[in-house]
Amino acid sequence: MRLGIEAGGHTLDVAVKHGIKGVPIYIDGLVNDGLEKTLAPLKEPGLAVCQIGAFGYNPLSTDEAAQEKQTKMLEQAIPLANDTGCSYIVICGGNYHPSGFGAADLRNFRPDALDKIAKKLEPLVKLAEKHDVKLSIEAYLKTAIHSPETFLALWQKIGSDGLRVNVDVTSLYDVRDVWDSKNTVEHICNGFAGHDGLGHIKDVALAEGFHVHMGLGPLGSSNTDWSQVLRLMQPNMPEDSWLILEHVNSPEEADSSLKLLREAAVKAGVTLE
């Protein structure tokens, strides 16, 4: 698996230090600054684009003005994607709440939400197909695409290989999975098989407090068996895909999380390049 990393403002330095080739870019920079300026910081250290983030695109958002701008940017970014060396553009799975990944909305979990998402995505997926690009949904517990079943139901409505889904197991965890995720990991990895986009690696932690407080944490915060995750992901990851360690908060966290991830890869018999 090709390895990428996202560590906020530390991304480029951490990637160079650890010999990681893949780093993400975002559509606003690609569209507003242009291809040459966006890729310039990556050239000297010999880095490659592992992901084009379009997380602001939310096909269910009630903020129609904001989404009109996001849609136009996405339409401009799709023809440029392969010139970056990466064909994967990551989008929100659909949330009536304009925050996208912050809050939730009951309407996300109604069947007609998938019909609305399909209607919005169909022309974008056709454009992606034309340019040999994949729109990869960031499945997430609070959004309409919150399980293999909901993604497959959406895929049936669109029926295109240009629509993919990221395999990011902890984005679909509930509180019980923090302690025992074995069955959930198996369900997610096997359920998405054949439609994999990118692989995302991050962990979640349960904090003290009433009722439930869960947030991001360094790799190892939960009881996730990362060797199981890698072993189940590997057979279904496309050759041009990337495994991305994300939401890394500091160079020190990168050191410890990468050590754990690489140990898990050895245990799983997976090569991280």
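This is a predicted model: local features need pLDDT of at least 70, side-chain atom pairs count only at pLDDT 80 or more; totals for chains, interfaces and linings use all residues.
## Basis of the model

Local features require pLDDT of at least 70 and side-chain atom pairs pLDDT 80 or more, whereas totals for chains, interfaces and linings use all residues. Residues are numbered from 1 along each chain as its sequence is written, and side-chain values use heavy atoms, with hydrogens and water left out.

## Strand 5 and its burial

Helices (H or I, at least four residues) and strands (E, at least two) are DSSP runs numbered from the N terminus. Strand 5 covers residues 134-138, and five of its five residues are buried, so the strand is largely enclosed by the rest of the structure. Buried here means under 20% relative accessible area, exposed over 50%, and partly exposed in between, with a 1.4 Å probe and protein chains only.

In a regular strand the side chains alternate between the two faces of the sheet. Lys134, Ser136 and Glu138 point one way from strand 5, and Leu135 and Ile137 point the other way.

## Pairing and crossovers

Two strands pair if DSSP finds at least two bridges between them. Strand 4 (residues 88-92) runs parallel to strand 5 and is joined to it by five bridges; Cys92 has Glu138 as its bridge partner in strand 5. Right-handed means that, with the strands pointing away from the viewer, the path from the first strand over the helix to the second runs clockwise.

Strand 6 (residues 163-167) is also parallel to strand 5, with three bridges between them. Ser136 has Arg164 as its bridge partner in strand 6. Strand 5, helix 6 (residues 148-158) and strand 6 form a right-handed β-α-β unit.

## Pockets

A pocket is an open set of points on a 1 Å grid over the protein atoms alone, where a 1.4 Å probe fits, with protein on both sides within 12 Å along at least five of seven lines; lining residues have an atom within 4 Å of a point. The largest pocket holds about 500 Å³ of space. Of its 21 lining residues, Tyr140, Ser171, Lys202, Leu216 and His247 lie nearest its centre. Strand 9 (residues 213-217) supplies the largest share of this lining, three residues.

The second largest pocket holds about 230 Å³. Its lining has 14 residues, and those closest to its centre are Tyr57, Pro59, Gln67, Thr71 and Lys120. Helix 4 (64-77) and helix 5 each give two or more residues to this lining, and helix 4 gives the most, with five.

Definitions and conventions: Grid points are joined across faces, edges and corners, and a volume is the space filled by probe spheres set on the points.
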